There are 2 protein chains.
Amino acid sequence: MVYSVLCAVIAILTVSMPSSHALWPMPKSLSTGSTPLKLTASQFKITTEFAETHGHSTNTPADLTQAIQRTTAHLQNDKMERLVVGGGAADKSAISSKQVKTINELSMSLVKGAVVRSIAEEAVLPLEQRNEAYELQVPADGSSATLTANTTLGLLRGLTTFEQLWYFVDGEVYTLEAPVEIADRPSYVYRGFMLDTARNFFPVSDIKRTLDAMSMAKLNTFHWHATDSQSFPLQVPGFTEVSAKGAYSASMVFTPDDVQDIVTYAGERGIDVLVEIDTPGHTMIIHESHPEHVACAQASPWSNFANEPPAGQLRLASPATANFTASLLHAAAHLFPSPFFSTGGDELNANCYDQDAETQQILNSTGQTLEQALSGFVGATHTALRSVGKTPVVWEEMVLDHDIELENDTVVMVWISSQNAAAVAEKNFRLVHGPSDYFYLDCGAGEWLGVDPTGNSWCDPFKTWSKSYTFDPMANISDANAHLVLGGEQLLWTEQSSPSNLDSIVWPRAASSAEIFWTGATLPDGSPRNVGTALPRLHDLRYRMVQRGIQAIALQPHFCAIRPEECDVNA
Amino acid sequence: MVYSVLCAVIAILTVSMPSSHALWPMPKSLSTGSTPLKLTASQFKITTEFAETHGHSTNTPADLTQAIQRTTAHLQNDKMERLVVGGGAADKSAISSKQVKTINELSMSLVKGAVVRSIAEEAVLPLEQRNEAYELQVPADGSSATLTANTTLGLLRGLTTFEQLWYFVDGEVYTLEAPVEIADRPSYVYRGFMLDTARNFFPVSDIKRTLDAMSMAKLNTFHWHATDSQSFPLQVPGFTEVSAKGAYSASMVFTPDDVQDIVTYAGERGIDVLVEIDTPGHTMIIHESHPEHVACAQASPWSNFANEPPAGQLRLASPATANFTASLLHAAAHLFPSPFFSTGGDELNANCYDQDAETQQILNSTGQTLEQALSGFVGATHTALRSVGKTPVVWEEMVLDHDIELENDTVVMVWISSQNAAAVAEKNFRLVHGPSDYFYLDCGAGEWLGVDPTGNSWCDPFKTWSKSYTFDPMANISDANAHLVLGGEQLLWTEQSSPSNLDSIVWPRAASSAEIFWTGATLPDGSPRNVGTALPRLHDLRYRMVQRGIQAIALQPHFCAIRPEECDVNA
């Protein structure tokens with residue numbers, strides 16, 4: 001009796017402790033052991049049982065096969081040393097014992113009756129149909145690991161977790177924590193990252209690398225703020241004059257082929273591409289091709305007409321402009337398989353329209369207020385998008401600062417302050433958290449406007465990963481409204497960013513919210529998610545990103561990364 | 001009479017206006033015209049007259065020949081478009097006229113009687129002998145450009161300026177501003193950049209790329225903070241155990257060959273490598289190989305013993321430790337041709353020694369105070385360095401916070417506050433400005449210590465290029481002490497930096513002080529140096545860096561970079 005109780009205690013200590021430093025985001029349920037296990041990357045096989053069952057390989061979607069190939073390559077190439085003093089050399093004796101087993105296979109299967117779709121198809125299903133859950137078992141005895149899911153998308157997530165289990169030293173790929181048992185699913189359906197490709201341009205290759213990094217953290221939505229007042233790089237069929245005159249150069253354009261390339265690459269990685277063409281503000285550059293549609297273009301001083309230079313907004317009261325915009329968005333929508341499309345709607349400047357003779361003439365002649373005209377304008381764009389099956393997404397001002405008609409399935413992005421989420425929810429809109437006080441990756445880089453040497457970033461200070469990590473998606477949200485919170489995203493506005501610092505300003509920080517919205521408030525052992533235990537795991541993700549060519553920033557001196565807690569503020 | 005006055009006015013307007021957007025740092029004297037001039041990069045020749053004069057090519061030092069080859073390559077490969085709307089396409093008509101001349105040669109010569117030394121030799125001469133002056137004339141009529149200087153180092157600086165004169169569009173290399181006449185020399189003899197390779201490690205390739213960028217801005221001193229408490233990557237002959245046990249890994253070491261590689265590369269680019277082995281603080285990691293020499297190693301809580309983790313300082317009162325340190329520095333000094341060597345000396349923590357039984361025993365037995373022991377320790381290291389011809393460099397605390405004997409040729413680096421420079425000068429020490437309130441490139445990235453999610457960077461906010469640019473080297477310095485100001489440097493401490501963000505956190509910001517200390521307070525037209533006219537030129541430098549593979553950050557949206565002043569705060 002005493003013996004068996006003791007054994008149970010030992011079992012708890014050695015098998016159930018979720019001690020893995022590698023996993024990000026932390027799975028919902030995890031148990032790990034303390035048995036070393038090796039993997040011979042060159043011989044390791046990842047098999048799909050459901051394909052064999054049905055007897056023909058076409059049942060394995062091509063993008064799942066590619067995902068398997070990527071995982072196989074990562075197991076060979078990551079060469080990720082354990083973040084401990086000595087760099088894993090201390091593990092060599094543990095894994096060189098003849099008793100250490102070698103695992104040769106990961107067997108993947110879909111649950112019985114599952115519909116086999118490609119990962120890309122799963123990634124763009126309506127939110128309520130998306131399923132990223134998976135279960136993963138890695139036995140300690142060298143027998144095959146198993147990965148099961150309802151969807152290929154779930155299998156992709158499981159493969160991503162599997163990759164994070166393994167370390168490398170002196171040619172050996174190994175874990176010290178077999179057996180591993182994981183049952184996992186995301187807490188929130190929307191886990192995003194936003195990139196602004198208009199202030200500064202980013203080539204397709206940079207976006208693809210960003211999608212790779214997103215997928216490592218199981219982020220599932222690439223919110224692509226494609227256009228703004230500074231440039232219009234998106235080439236929209238039927239409206240090519242807009243990018244021809246509005247892109248920074250002929251080479252700084254996303255052609256439909258580029259978009260398809262990005263959308264495909266994202267889909268293969270379980271990522272939905274939510275494009276945004278911000279309207280009616282943030283549109284000055286359309287003046288270059290369509291001066292008739294833009295009020296206060298480059299008006300001076302810009303601060304009277306816009307939150308940043310250059311001023312310029314679509315003439316929302318003009319039926320011709322509304323028609324043009326709706327047609328533009330309608331045409332752009334065909335480029336993207338996502339069920340969503342963002343029409344933006346932030347930072348509308350009323351003075352721009354007050355000073356615009358044409359707008360005033362239309363308002364006077366129709367007897368409309370500016371708000372009524374805005375309602376009509378937004379309605380026209382949303383109707384156009386709905387006609388091609390898109391659910392509109394807007395920035396928070398559209399529901400908090402304006403009195404316009406919006407259908408209640410519209411998704412609202414909260415950005416000005418985390419405090420504003422509750423008000424959006426109270427209006428019964430679904431929302432995505434992107435608060436500048438937690439999630440803006442550009443904050444803290446100082447003033448970028450010219451001739452202001454003592455100016456600071458408007459959203460100073462810098463949002464560290466740990467500041468972001470303390471965000472509570474349910475703060476001030478009533479239980480009744482909890483279902484309205486779809487998730488959240490970290491965002492990069494690119495006034496001071498370009499391909500030069502894309503990786504370093506985004507990673508690993510943007511993975512901070514990835515864990516908030518995947519893991520939720522509680523770790524597998526029941527303790528609250530916290531920055532103390534998160535840091536060693538985030539270091540791991542960061543070093544693995546670097547191994548894969550993503551230039552993620554160092555969060556601390558390497559000295560600290562290999563000595564958890566020794567560099568804590570009160571250590 | 002009226003005609004000739006008019007002509008004179010026109011001449012002033014078209015020839016003397018220093019309108020070039022490209023030059024950084026701005027030369028001391030500059031006149032540019034408005035005549036287009038082309039250069040056929042593949043046929044352009046850079047010749048050295050002084051070699052021909054003496055009749056044998058050995059008179060052209062190998063590193064000058066290499067500099068010429070680099071300039072030739074840059075002229076071909078920079079492909080730098082002019083930062084204007086349309087990207088230089090508007091210049092095509094101006095340069096396609098048949099009247100536009102093509103320049104075929106840059107003829108370089110040393111002034112009569114000049115001693116011919118290599119660039120690398122010139123770069124490490126005693127400060128008072130260094131000469132970086134040059135004169136450059138680029139005629140508008142297609143005749144040869146001429147570059148003259150007293151030294152090969154001056155010729156290198158002139159070549160660097162010459163490279164910045166040229167833009168590219170559609171296969172044509174051109175300027176719109178011929179003729180160009182420049183007479184140039186630096187205002188300050190020390191123009192540096194400091195990199196910490198101890199908090200995080202940087203491979204040789206990253207340091208070389210940094211030296212390339214430094215040379216583009218005519219920076220002449222690479223202050224290499226090689227070691228610290230976190231790691232000791234510098235392999236010192238005779239003391240290889242220190243790096244063997246103190247480097248992060250066997251591959252994160254600078255061998256003597258690596259050092260030679262760096263020193264050679266720097267010298268070829270006119271850069272002196274001022275190495276720092278910080279002592280007696282910031283030395284915990286020496287405990288790994290020499291526990292006998294280190295007090296309070298990794299003592300907890302670290303904040304009682306050090307300004308950041310880990311705690312650990314050399315036992316300065318111990319004769320054995322002083323001897324060890326002096327010998328270590330003496331051995332390291334042989335690796336570097338610089339006339340300087342920094343012994344550091346910042347942030348000494350008295351409590352570490354108060355709590356160290358061995359230190360207390362020595363102090364008690366010798367009847368010394370800690371300050372007296374410190375004076376002896378520093379004296380021992382400085383004597384060792386002087387014995388091999390090095391002038392010691394120290395951080396400001398050594399003269400402002402401690403009462404120790406220091407010879408008055410010691411160079412003092414001011415870092416805690418720009419306010420402290422005057423006090424150092426009052427003590428009659430030569431000084432280098434590196435104030436954290438202007439020049440610390442790491443500031444503003446948030447707290448890096450663990451478990452402090454609301455913590456900010458200790459030196460918040462981020463130091464923008466324009467904040468740095470407003471630094472006045474002579475503020476509070478009396479005229480009588482002006483000669484003590486050697487120059488200044490921007491610095492990167494690497495708690496939150498690694499190769500991933502090296503370029504983007506350093507460039508183009510570190511070029512800000514390069515202009516302060518080269519150009520001085522006044523622009524060639526007599527107006528004060530100012531952030532308004534600097535920004536377009538700094539954009540130019542930044543874009544040219546990107547063309548050369550240096551991942552310099554975008555300072556503004558590209559929209560603003562091609563529209564000077566339109567994004568100014570009050571535009």
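Chain B can be laid on chain A with an RMSD of 0.0 Å by a turn of 180 degrees and a shift of 0.0 Å along the axis, the superposition being by least squares on the C-alpha atoms of residues with pLDDT of at least 70 in both. The two copies are thus related as by a two-fold rotation axis.

This is a predicted model, in which local features need pLDDT of at least 70 and side-chain atom pairs count only at pLDDT 80 or more, while totals for chains, interfaces and linings use all residues. Residues are numbered from 1 along each chain as its sequence is written, chains are lettered from A and ligands numbered from 1 in the order in which they are written, and side-chain values use heavy atoms, with hydrogens and water left out.

Trainee: Which residue of chain B comes closest to the rotation axis?

Mentor: The distance is taken at the C-alpha atom and amounts to 3.1 Å. The residue is G444(B).

Trainee: How much area do chain B and chain A bury between them?

Mentor: Buried area is the accessible area (1.4 Å probe) that two parts lose on being put together, summed over both. Carbon and sulfur atoms account for 58% of it. The total for chain B and chain A is about 4,600 Å².

Trainee: How many residue pairs are in polar contact between chain B and chain A?

Mentor: A polar contact is a pair of N or O atoms within 3.5 Å; within protein, one must be able to donate a hydrogen and the other to accept it, and residues adjacent in sequence count only if both atoms are side-chain atoms. With both residues at pLDDT 80 or more, the count is 27.

Trainee: Is L23(A) buried or exposed?

Mentor: L23(A) is found in the loop between α1 (2-16) and β1 (29-39) of chain A, helices (H or I, at least four residues) and strands (E, at least two) being DSSP runs numbered from the N terminus. Buried means under 20% relative accessible area, exposed over 50%, and partly exposed in between (1.4 Å probe, protein chains only). At a relative accessible area of 0%, L23(A) is buried.

Trainee: Which residue has its backbone oxygen 2.8 Å from a polar atom of the side chain of T210(A)?

Mentor: T210(A) lies in helix α7 (residues 204-216) of chain A and is buried at 1% relative accessibility. The backbone oxygen in question belongs to D206(A).
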